[in-house]
Amino acid sequence: MRGVPDLAPILIVLVLFGACLGSKSSQEGCACGPERPSGTEKNAPEDHAAAGTGPSTEEPATSEPNDSRSAEAMASSLPDFADPSWTRVTSRAGKYLVCWRSLSGSVPRNQDFELEAWVLKDGAPVRGAELTVSAWMPAHGHGMLRQPQARVNEDGSFRVAGMLLHMRGHWQLFFEVLEGSLSETAECALDL
Amino acid sequence: MSASLVLLGLALVVGQAPAADGALVFSDEERAVLLELSPVPGPPGDPTNAVFESAAAARLGQALFFDARLSADGSISCASCHVPAKSWTDGKPLASGLSGLSRHTMTLWNVAHSRWFFWDGRKDSLWSQALAPLEDPREHGTSRLAILHVIAADAGYARAWREVFGELPALDDARRFPPEGRPVPGEPEHAHALAWASMSPEDQEAATRAFANVGKAIAAFERRIESRAAPFDRFVEGLREHDAAKVATLDARAQRGARLFVGEARCVVCHDGPSFTDLEFHDNRVPVGEGGDPGRKLGLRRLRDDPFNALGAFADDGGETGRIKLGLLTRDVHLGKQFKTPTLRNAARTAPYMHEGQFATLAEVVRFYSRLENASPENPSERIVQPLDLSVEEEADLVAFLESLTDESLPAELRGPPPTPYLPR
């Protein structure tokens, strides 16, 4: 006999999807806004070699809460997020600016890739936050087939491994920032 | 200058290609998608298989592939179901080895480009896939120890093995390595299980490692089963080079089918890339039998429990590939009954179709997607599977396009057992 669909996981996904959609403001905060985060005026050369040196964990990556460097010092070493290789996304309530880019220079379809992501608050990297990256195809009703792994680097950025957008079409990319007991999500659109 | 020449010039300037009869012009968008479907790149590597690209391993694997001694009664080889003359499948709705199976035999064309293996993806490498039928009682029904004894007793195999993998375990010591034996989960009283249990852990490990190498050699051979010179590939070459003669390789009907494939019919959403598959799994709402085959849902569970998976001890990269590929797989998105998107290369030669061989012809397949008659209930995670409402003419166009993906021009020497399991010096 043909099986009755298991409704529980379907409902969970639908609820999560609804939560991801959020308010209209989330759309407005999407992708390459004109704002430039404060503290990015001085830009040091990017050091990709340092990426991926953070702790390995399958849990959402948490940046170190007690970094000895000052926010100002950290801000002075930020990449130039105005460079076209970066996509800047403001979280729905405007608390965070997430800046991300593909480490390979482009977002491929149906091939593994990794992201570098920075979560900024008031122009400085947020310390002690967790970052979870996910993606969704609204026209299809499914997301990625993986849960990407975000690792925090010493400089406060995140390296996100395991990205795989396996189909052509419209994708939504979600960056959920959990700081303390509060979370905000930044959302971005991609067409592959 | 005539009006037609002006139109031709405009078409070339904007990158569109007219068909030979001048009737069909592809939009920039259609052309861009078509260009992504050809040529077929070389097969990707497999870091979990150190001999994947070794010619000597491929030769050994080819001999093993065609050898019916690798079965309980000497009647079944890999080629019994993956018949070269039948486009590396068997022409039957459901596979049959020593007894009947519940799914259709998948073709091996371009199999090395796959990410997952079997209809349910319960294997994550080609070498691991090759091992499963050997010990399945319904297929070859043999055991890893029996296979290793065949190899050790055959001078040609033994020589080839030494050249590719080094020394075999000490199989001539019958007390340490019984004639037959394998782990038999859930059946501790099975003769194979009892023999296996009599072995030391070290010898079990050595035999299992050698068994994994059998799969790695077979995979090295299967990697060579490539189809890359179909009429469609010449057509795309023509689009790319603005060569009308090459474009005319496809007649108007097939070209209209190509346009539907990448456009209105949305076939390319799942059948994407030069292998015409997204390499993943979908619930395409195909009518299913009474068996309640759960597809990927169960396949994923079996994959995680498989000692030969990419995180296991026999992956040659120490689990590096598996950490991402397997370690980050989600557990909760595989809704409904999902099965692997098959390649469409040589689809016209691999009937019947779908995981249970539900459709006898390509025309039936296209008609199903057009009308979704007797379809399974809609799956919320597969909202794109909707009736296409194609006309009869359009359905025929799509079939003509699928037929243009045919290329079985594999060298004859790969279609049967090699003269020797080792390469001549």
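In what order do the elements of chain A run from the N terminus on? They go α-α-β-α-β-β-β-β-β-β-β-β-β-β. That gives chain A 3 helices and 11 strands. Before going further, keep in mind that this is a predicted model.

Some totals for chain A. It has 192 residues, and 46% of them count as buried. Take the contacts in chain A with a separation of 6 or more: 69% of them come from residues 24 or more positions apart.

Now to one strand. Look at strand 4 of chain A, residues 113-121. Buried or exposed, for the most part? Of its 9 residues, 7 are buried, so strand 4 is largely enclosed by the rest of the structure. The cut-off here is under 20% relative accessible area.

Which strands does strand 4 pair with? Start with strand 3 of chain A, residues 97-102. The two run antiparallel, joined by 6 bridges. Within strand 4, E116(A) has R101(A) standing opposite.

Next comes strand 9 of chain A, residues 158-163. Strand 9 pairs with strand 4 over 4 bridges, again in the antiparallel sense. E116(A) turns up here too: its bridge partner in strand 9 is R159(A). To put those together, E116(A) sits opposite R101(A) and is also bridged to R159(A).

Then there is strand 5 of chain A, residues 124-125. Strand 5 runs antiparallel to strand 4, with 2 bridges between them. L120(A) is opposite P125(A) in strand 5. How many residues lie between the strands in this hairpin? There are 2.

On to the interface. How many residues of chain B are in contact with chain A? The answer is 32, and they touch 28 residues of chain A. The area buried between the two chains is about 2600 Å², and carbon and sulfur atoms give 55% of that.

Polar terms next. Between chain B and chain A there are 11 residue pairs in polar contact, both residues at pLDDT 80 or more. By class, the side of chain B that touches chain A has 15 nonpolar, 6 polar and 11 charged residues. The count of salt bridges between the chains is 4. One to find on screen joins R168(A) to E36(B), with the closest N and O atoms 2.7 Å apart.

Now chain B itself. Find helix 5, residues 126-135. It is mostly covered, with 9 of its 10 residues buried. Among the buried ones are W127(B), L131(B) and L134(B), and also Q129(B) and E135(B). What do the buried residues of helix 5 pack against? They pack against helix 6, residues 144-153, and helix 9, residues 201-222, both of chain B.

Last stop, R349(B). Where is it? R349(B) is in the loop between strand 2 (339-340) and helix 15 (362-371) of chain B. Its relative accessibility is 44%, so R349(B) counts as partly exposed. From R349(B) to T361(B) is 12 residues in sequence, and 9.9 Å in space, C-alpha to C-alpha.

What does R349(B) touch, leaving aside its neighbours within four places in sequence? The contacts are K86(B), S87(B), T406(B) and E408(B). With E408(B) there is a polar contact, side chain to side chain, at 3.4 Å.

That's my tour. Over to you.

Terms used
Residues numbered from 1 in each chain as written. Chains lettered and ligands numbered in written order. Predicted model: local features only at pLDDT ≥ 70, side-chain atom pairs only at ≥ 80, totals over all residues. Heavy atoms only, no water. Buried < 20%, exposed > 50% of the residue type's maximum accessible area, 1.4 Å probe, protein only. Pairing = 2+ DSSP bridges. Contact = heavy atoms within 4.5 Å. Polar contact = N/O pair within 3.5 Å; in protein donor to acceptor, adjacent residues only side chain to side chain. Buried area = accessible area lost by both parts, 1.4 Å probe. Salt bridge = Lys/Arg side-chain N within 4 Å of Asp/Glu carboxyl O. Nonpolar A, V, L, I, M, F, W, Y, C, P; charged D, E, K, R; others polar.
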